[in-house]
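Hi,

Here is the model I promised to pass on.

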Amino acid sequence: MSITLYDTTVSGHSHRVRLFLSLLDVEFKTIDVDMRKGEHKTPDYLKLSPLGQVPTLVDGNDVITDSTAALVYLAKKYGDESWLPEDPAGAARIQRWLSTASGELFRGPVIARAIKLFNRDYHYDDASMWTDRLLTWMQSELEQRTWLAEDRVTIADVAMYSYLRVANEGEIDMEPYPAILRWLADVEKLPGFLPMTKSI
Ligand SMILES: N[C@@H](CCC(=O)N[C@@H](CS)C(=O)NCC(=O)O)C(=O)O
C-alpha cells in the first residue's frame, strides 16, 4: 500500500511528517499543494481535509489530517514503542509536547515567521511573548536532558523540530538558547534526517 503526503515545502507542519517518514525509512510520495493558488481550498482537497490544511497523509484507506496526529499514526503503524511509549506517564510526556507543538509553538515561532515571511495579519508582540516563554522553558528542559520527552528521540522531538530550525525567519534570535541549538543539531544527526527547506 503506498503512502501519499499532500504537503507544501515551506510548511513546517508538512516537514515534521516528511521528516518522520524519512526517519522511519518508510517509502512515500508527495503531492505539492500550492497554497498561493488556493489549492488547499478546492472542493477535491476539502474532501480529504475538511479544514483545508496541509499536510494530509493518505495511507490506503486511512486519511490523517493533522501533523501531530500523523506522527502518532506513523509511530504506531511503522515505528516501535521507542517513538511513542505505551505507559501512561510516558504517553502523557509525549502528548505534552504534541500539544505544545500545536499550541505555544504555533502561537509563538510559527506566527512570528508567518508575519515576517508571508505578511500575515497577526500581532508580532504576542508571537514574541509566546516565543520567549516557550524557548525559556525548552532551554531549561534541554539543559537537563538530551531529548525532550524521554532518554531517547521520540515523536515529541520530531514535532518540535521543524519550525524551531527556521525560527530566524521570524526574526527570532536563538543565540540565548544554546541547549536548544545543541538539540537541533542532535536531531540533524539522526539516520534518515531530512532538512527543512529554508526560505531566506
Ligand atoms: N493542526 C494542523 C495545522 C496545519 C496548518 O495550520 N497548516 C497550514 C500550513 S503550514 C495551513 O494549511 N493553513 C491554511 C488554513 O488553515 O487555512 C496540523 O498540525 O497539521
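This is a predicted model: local features need pLDDT of at least 70, side-chain atom pairs count only at pLDDT 80 or more; totals for chains, interfaces and linings use all residues.

**Ligand shell, sheet and a helix pair**

The shell around the ligand divides into two nonpolar, eight polar and one charged residues (Ala, Val, Leu, Ile, Met, Phe, Trp, Tyr, Cys and Pro count as nonpolar, Asp, Glu, Lys and Arg as charged, the others, Gly among them, as polar). Its members are S11, H13, H40, G52, Q53, V54, P55, D66, S67, T68 and S102, each with a C-beta atom, placed from the backbone, within 6 Å of the ligand.

Numbering starts from 1 along each chain as its sequence is written.

Now the sheet: it is open, with four strands in the order β2-β1-β3-β4 and mixed pairing (strands are DSSP E runs of at least two residues, helices H or I runs of at least four, numbered from the N terminus; a pair needs at least two DSSP bridges). β2 (29–32) and β4 (62–64) are at the edges with a single partner strand each, so one side of each has no neighbour in the sheet. β1 (residues 3–7) and β3 (residues 56–59) run antiparallel, joined by four bridges, and T4 stands opposite V58 in β3.

What about the helices? The axes of α5 (residues 104–118) and α7 (residues 155–165) come within 9 Å and cross at roughly 30 degrees (axes are lines fitted to C-alpha atoms over the stretch in contact; angles run from 0 to 180 degrees between N-to-C directions).

Cheers
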